Amino acid sequence: MTIPEYPHFETIESLAQKMEISKEGLSTDDAKKNLSIYGLNEIKEKKHNLFILFLLQFKSPLVYVLVIAVMLSLFLGNIHEGVLILIILLLNALIGFWQELKALSSIKALKKLTESKTKVKRDNKVVEISSSELVPGDVIILSEGDIVPADIRLFDTNGCVIDESILTGESIPVEKDAKLTLPKETLPYEMDNMALSGTTVTKGNAEGFVVFTGQKTYLASISTKAEEESRETPLSKALEVFIKKHMVVVFIMIFIIAMLSFFEGREIVEVTYLVIALLVASVPEGLPIVITLVLTIGAMALSVRKVYIRHLPSVETLGSTTVIASDKTGTITQGNLKVEEVFSLHDTFSQTVSALANESIEGKGDPVDTALALWVGNAYEDIREKYPRVNLYPFDSKHRLMASSNMIEKEHKVFVKGAFESLKQFATNQDDFSILEKEHDRLASNGLRVIALGMGEHTTDDIEKWQIEIVGLVGFIDPPKEGVLEAVHIAQKAGVKVMMITGDNALTAAAIAKSVNIYKEGDLVVTGKELNDMDNETLERILPKVTVWARVLPEHKYRIVKALQKQGEIVAVTGDGVNDVPALRAADLGIAMGEGTDAAKSTANMVLADNNLSVIVEAIKQGRSIANNIRKTIYFLLSTSLDEVILITGAILMALPLPLYPIQILWINLVANSALDKTFPFLKDEEDVMNRAPSKLHEQFLDKVQLLRVLYVVFVISLGALFLYIWMLEHYTKEYAVSTIFTAFIMATWMNGLQSLKEHEPFLKNIKKSLQINPYIFYGISIGIILQLCAIYLLSEVFHTLPLNSDSLMIIGIMALWVFTMIEIRKWGEYFWKSR
């Protein structure tokens with residue numbers, strides 16, 4: 001047996017000859033032989049070592065730093081902190097591990113699509129077998145409602161119409177014609193003589209030869225891309241860059257402190273303890289906790305809008321999105337055909353044909369039939385009752401029409417709907433062809449799907465002998481969903497490009513895209529066939545101008561996503577079918593539709609219960625808010641993790657006694673930082689986040705401006721504390737100075753925390769807004785005050801503290817005012833600079 005590479009290119013006779021088969025089917029022995037050669041008709045799963053998959057979750061610079069923090073915390077006897085960080089590490093690993101397992105389940109979901117019973121001819125009789133036992137050469141019988149279990153070259157089609165949307169995204173079922181022979185380069189959505197695995201027969205029946213099974217099917221070629229490793233989220237990339245830079249700076253500074261302390265003659269034990277305390281204080285171990293909280297709260301807020309997050313870091317990815325590559329059907333459009341425009345030579349006859357040449361019942365049925373029934377309205381049932389049906393002629397793929405013969409009083413009439421070019425062959429009103437052709441082209445150029453309506457005397461069942469009169473043309477459209485136009489406007493204003501990717505034809509796609517402002521004058525519409533003929537260099541050149549991709553295949557969508565990512569775009573892709581699995585997997589953010597296939601949902605990072613582009617744009621807004629809160633959290637934790645290092649460095653360089661004990665450094669890290677950073681997830685927006693372009697990935701959390709702000713605050717706090725410490729050493733005892741600086745440093749951190757709530761506006765510009773943007777921070781400060789008073793008065797020996805008096809309170813107040821004022825001055829300077 002030889003299976004041709006292009007069975008759609010072969011005639012039935014040549015295919016049967018090459019494969020050494022016949023329309024009578026295989027014998028049991030031949031079937032067993034082919035099964036041993038080609039294997040079971042199943043999509044194979046790649047085997048994964050679950051233990052290694054779990055260990056890979058710890059592959060992150062942040063995790064490495066946190067492991068160091070755990071060891072150091074346990075070394076210092078801080079058991080609670082060490083255990084807490086360890087629990088967070090394990091929790092993050094388990095979440096990542098669960099996500100990987102869910103992604104792998106998409107392959108199982110693909111397998112389910114072709115797991116069924118199917119009818120074949122074996123030993124000259126029709127038998128029912130499991131689809132997994134199908135082999136090349138089998139003669140398969142397809143009926144309405146069947147899921148196609150393999151790739152099949154059809155040799156007999158009786159009004160067979162197949163829904164291929166699960167593979168191609170094409171919203172209209174495809175008519176099949178076994179008599180066709182097609183060019184080798186024919187794309188899958190043009191293979192009208194083939195039935196592809198995973199698709200569904202919606203009308204008629206057919207027979208054909210099984211040519212490709214298992215891994216050789218077109219469906220399986222999609223599943224191989226579903227196993228591709230998921231891309232890192234922008235959040236994980238940005239955090240990795242941030243942690244690396246931060247730890248390099250910290251290690252250098254702590255090394256310098258250790259060397260200076262050693263050469264000053266300090267004891268090795270004292271230097272070691274100081275280095276460990278500074279390292280623990282400098283590691284932002286609270287960052288994963290706060291980020292997880294931010295993401296969790298964001299995910300909960302999104303769930304209220306019926307956006308369900310399957311992978312927590314994806315919440316932030318929403319805020320980084322620069323391109324939305326959206327499906328048309330069901331996301332931008334309603335997913336239901338609607339009669340958009342009718343051209344009638346006779347209004348009454350057009351309505352009559354629409355009602356009678358129709359199989360829609362109670363609003364259900366073929367999309368075209370249902371749309372026509374809705375257009376006719378209340379008169380639909382009346383017309384059908386008034387003119388009883390005699391014969392029904394199901395869709396005929398050869399003549400591309402369907403018909404019904406009915407009794408009009410005592411006359412037997414035939415009512416036909418179908419392709420205009422087909423009905424012209426039977427039409428007698430040739431004088432009307434000129435105006436009909438003009439109107440047909442006008443409707444088609446507007447992106448409408450056009451059919452013709454006709455009627456005539458019923459004289460025979462032989463379609464080719466019918467004589468009819470074309471009475472009208474109907475243009476259908478899948479109308480945009482409510483709110484999509486506004487959503488596109490908001491996205492574009494926010495610097496997010498929206499592009500449409502669909503299996504529909506270019507004219508229809510462009511018309512819909514234009515109606516919601518995705519497609520504008522000067523934009524490009526590119527078809528899958530054009531993309532096939534395009535090299536990567538050409539694709540990258542035209543990519544910024546393309547807003548509509550029409551008649552695309554899964555491999556096209558995948559390639560588009562990869563090309564966009566190569567240009568630095570953060571891509572969100574929507575999808576609901578098996579055809580979308582490779583692109584959903586490759587995208588930075590895969591968004592599946594709630595009514596979509598299990599394969600799509602198990603691959604995606606998030607699932608929409610409400611399939612609407614406006615929901616995605618709203619989710620992007622939420623994602624930006626989350627990204628802003630993470631950025632503010634990083635600013636606060638970073639600026640408060642380096643100031644102790646600078647303070648200690650300055651004191652050592654000036655040969656002063658250490659201004660803070662190691663235990664005090666650790667306490668500051670707990671009371672000052674941890675009491676405040678857990679409130680950052682509850683921050684409200686300080687501005688409309690959709691009024692700016694997306695931040696560049698490497699600048700998302702730590703750009704040059706952010707870095708300068710951090711350094712400014714670090715030096716304001718550390719130099720202010722150092723100046724007060726020097727002054728106090730001249731006027732008070734060392735113990736008194738250290739005790740006061742200890743509390744003053746905590747107060748300075750709280751002032752920095754209050755100022756961190758607003759990035760773009762001074763605190764005093766809108767005090768009401770500043771106090772309301774995060775009321776929870778005041779609870780955090782209150783808890784911190786109680787803990788600090790305990791340290792001063794109940795655990796004074798442990799923390800080397802003395803009771804506060806009026807002088808120390810005044811110095812603490814000066815330190816707090818100094819920090820708050822200096823940050824406020826910097827903010828007003830930035831504010832006036834931007835306002836120029």
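This is a predicted model: local features need pLDDT of at least 70, side-chain atom pairs count only at pLDDT 80 or more; totals for chains, interfaces and linings use all residues.
The protein chain contains 31 helices and 21 strands. Of its 836 residues, 55% are buried.

Helix α25, covering residues 662-677, and α29 have axes that come within 7 Å and cross at roughly 160°. Angles over 145 degrees count as roughly antiparallel, and α25 and α29 are therefore roughly antiparallel to each other. Their crossing is right-handed. On the α25 side, the contact is made by Trp-667, Val-671, Ala-675 and Leu-676. On the α29 side, Ile-777, Gly-780, Ile-781, Gly-784, Leu-787, Gln-788 and Ala-791 take part. Sorted by class, the residues of this contact comprise eight nonpolar and three polar, with no charged residue.

The second pair has another geometry. Helix α12 (residues 347-356) packs against helix α14 (residues 379-386) at an angle of about 80°, and their axes lie 9 Å apart. An angle from 65 to 115 degrees counts as roughly perpendicular, so this description applies to α12 and α14. Here Gln-351, Thr-352, Ser-354, Ala-355 and Leu-356 of α12 meet Tyr-380, Ile-383 and Arg-384 of α14. The contact of α12 with α14 has four nonpolar residues, three polar ones and one charged.

Helix α29 comes up again when the aromatic side chains are considered. The count of aromatic pairs comes to twelve. One of them joins Tyr-776 and Tyr-779 in a tilted arrangement, with 6.2 Å from centre to centre and 50° between the planes. Both tyrosines belong to helix α29 (residues 776-793), and because they are three residues apart there, about one helical turn separates them. Their accessibility can be set side by side: Tyr-776 counts as partly exposed at 42% relative accessibility, while Tyr-779 counts as exposed at 56%. The limit between these two classes is 50% relative accessible area. Together with Phe-682, Tyr-776 and Tyr-779 form one aromatic cluster.

Most residues other than glycine have a negative phi. Against that background, Asn-124 has a positive phi, near 65°. Asn-124 sits in the loop between β1 (117-122) and β2 (125-130), and with a relative accessible area of 66% this asparagine is exposed.

Glu-362 is likewise a residue other than glycine with a positive phi, in this case near 50°. Its place is in the loop between α12 and α13 (367-376), which brings the account back to the helix that meets α14 through residues including Gln-351 and Leu-356. Glu-362 is exposed, and its relative accessible area is 73%.

Methods. Residues are numbered from 1 along each chain as its sequence is written. Side-chain values use heavy atoms; hydrogens and water are left out. Axes are lines fitted to C-alpha atoms, for helices over the stretch in contact, and angles run from 0 to 180 degrees between N-to-C directions. Helices (H or I, at least four residues) and strands (E, at least two) are DSSP runs, numbered from the N terminus. Angles under 35 degrees count as roughly parallel, over 145 as roughly antiparallel, 65 to 115 as roughly perpendicular and the rest as oblique. Contact means heavy atoms within 4.5 Å. Ala, Val, Leu, Ile, Met, Phe, Trp, Tyr, Cys and Pro count as nonpolar, Asp, Glu, Lys and Arg as charged, and the others, Gly among them, as polar. Buried means under 20% relative accessible area, exposed over 50%, partly exposed in between (1.4 Å probe, protein chains only). Rings of Phe, Tyr and Trp (its six-membered ring) pair if their centres lie within 6.5 Å; planes under 30 degrees apart count as stacked, over 60 as edge-to-face and the rest as tilted. A crossing is left-handed if the near helix is turned anticlockwise from the far one by less than a right angle, and right-handed if clockwise.
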